[in-house]
Amino acid sequence: MDRDDEQLLRRRVYGADHEHPGPRSDRHYVELIGGPLDGLLLDITGWTPHEADTGVALATELGQFGAGGRAMYDPRPGDSGRWDWTGDAP
């Protein structure tokens, strides 16, 4: 395991159980950049290439629309390990 892997394993995963918030070595994650979920990891294990290229709208109470709102993230061109925030949606 290299230094980047060690840092990745210390992070919190979006939607993870509060008792076990960190990533697991047998899963594949991307880092969420910007917006209300900045710095969290998103587990994309098992996603098809099409699903991973499309981006996501993740439920969060932290965004502009509060409870029931979504934070939207799209893959960063040229850096498949980071997804950038593109805005909030109701």
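Let's start with Asp88, which sits in strand S5, spanning residues 79-89. Keep in mind that this is a predicted model.

- The Asp88 side chain does reach the backbone nitrogen of Gln64, at 2.9 Å.
- There's also a polar contact from the Asp88 side chain to the side chain of Trp85, at 3.1 Å.
- Setting aside residues up to four places away in sequence, Asp88 touches Pro36, Gly63, Gln64, Phe65, Arg70, Ala71 and Met72.

**The nonpolar core**
- The largest nonpolar core counts 11 residues: Val30, Leu32, Leu37, Leu42, Ile44, Ala52, Val56, Leu58, Ala71, Tyr73 and Trp83.
- Strands S1 (29-33), S3 (56-59) and S4 (70-76) are the elements that each supply two or more of these residues.
- Ala71 belongs to this core and is also one of the residues touched by Asp88.
- Leu37, another core member, is in contact with Tyr14, Leu32, Leu58, Thr60, Ala71 and Tyr73, once neighbours within four places in sequence are left out.

- Mean pLDDT for the chain comes to 88, with 89% of residues at 70 or more.
- Residues 5-9 fall below 50 in pLDDT, and the stretch has 7 contacts in the model beyond near neighbours in sequence.

Key
Residues are numbered from 1 along each chain as its sequence is written. This is a predicted model: local features need pLDDT of at least 70, side-chain atom pairs count only at pLDDT 80 or more; totals for chains, interfaces and linings use all residues. Side-chain values use heavy atoms; hydrogens and water are left out. Helices (H or I, at least four residues) and strands (E, at least two) are DSSP runs, numbered from the N terminus. A polar contact is a pair of N or O atoms within 3.5 Å; within protein, one must be able to donate a hydrogen and the other to accept it, and residues adjacent in sequence count only if both atoms are side-chain atoms. Contact means heavy atoms within 4.5 Å. pLDDT is the predictor's confidence in each residue, from 0 to 100. A nonpolar core is a set of buried Ala, Val, Leu, Ile, Met, Phe, Trp, Tyr and Cys residues joined through side-chain atoms within 4.5 Å. Buried means under 20% relative accessible area, exposed over 50%, partly exposed in between (1.4 Å probe, protein chains only).
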